[in-house]
Amino acid sequence: MPSFRQLSLLIVVFALLGTAGCDRVDPNSPVAQRRKVFKEMTKARERLLAYVKETKDFDADAAIRDAEEIQRLSRQPWPLFPEMKQAGDVGRATDAVWQKPEAFHQLAKQIQNDADALLEASRKRSLDAIKPAAHKLEQTCSSCHDQFRQS
Ligand code: HEC
């Protein structure tokens, strides 16, 4: 039989575990799903940027695959922002997402166009073609984050 002391200790441990789990986001929620897409998009973009910054030897085939990945992912986050703001679906989005939906969706469209252009550039198998297209994409990520993501 555990003593009273041991039992109280267990209760404290479970209480601590319980609160630690509090800020975990439900993995099936739109917030978790769109964050997963953003993270994957960031990984592909970082691989491409390593060529652009010339910290890694250019691999034209890998660059095309990364650009394809970015293009595919660039379509995905936007339907995961609910049309009406709901508690629990906000994540780190600012109120502007729901207050200025046209501006938000315009940038969402812009990133898809940038991703299309980046893929086209990567198929030329030239770093000089990729550089400006990657730069353009970067600017769109930043301008959306400036207005629509909490820092
Ligand atoms: C149209 C607006 C928009 C564009 C374009 C955009 N983002 Fe975001 N991004 C957001 C918003 C809003 C959030 C906050 C999401 C949340 O917390 O639910 C976010 C979150 C993120 C996060 C954090 C994910 C996390 O785990 O919390 C990363 C990383 C990210 N974006 C990367 C990118 C990259 C890379 C690009 C460009 C290739 C990009 N985003 C383009 C709006 C945008």
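H2 and H3 run roughly antiparallel to each other, a term for angles over 145 degrees. Their axes, lines fitted to C-alpha atoms over the stretch in contact, with angles from 0 to 180 degrees between N-to-C directions, come within 9 Å and cross at roughly 150°. Residues in contact have C-beta atoms, placed from the backbone, within 7 Å; the table lists those that meet between H2 and H3.

| Helix | Residues that meet the other helix |
|---|---|
| H2 | Val37, Glu40, Met41, Ala44, Arg45, Arg47, Leu48, Tyr51 |
| H3 | Ala63, Asp66, Ala67, Glu69, Ile70, Leu73 |

By class, this contact of H2 with H3 has nine nonpolar, no polar and five charged residues. Nonpolar means Ala, Val, Leu, Ile, Met, Phe, Trp, Tyr, Cys and Pro, charged means Asp, Glu, Lys and Arg, and the others, Gly among them, are polar.

The model is predicted: local features need pLDDT of at least 70, side-chain atom pairs count only at pLDDT 80 or more, and totals for chains, interfaces and linings use all residues. Residues are numbered from 1 along each chain as its sequence is written.

The protein chain has six helices and zero strands, which are DSSP runs (helices H or I, at least four residues; strands E, at least two) numbered from the N terminus.

Around the ligand stand 23 residues, the closest being Phe38, Gly91, Arg92, Cys141 and Cys144; a residue counts as near if its C-beta atom, placed from the backbone, lies within 6 Å. H2 gives the most to this shell, with eight residues. The shell comprises 13 nonpolar, four polar and six charged residues.

Terms used. Parallel < 35°, antiparallel > 145°, perpendicular 65-115°, else oblique. Contact = placed C-beta atoms within 7 Å.
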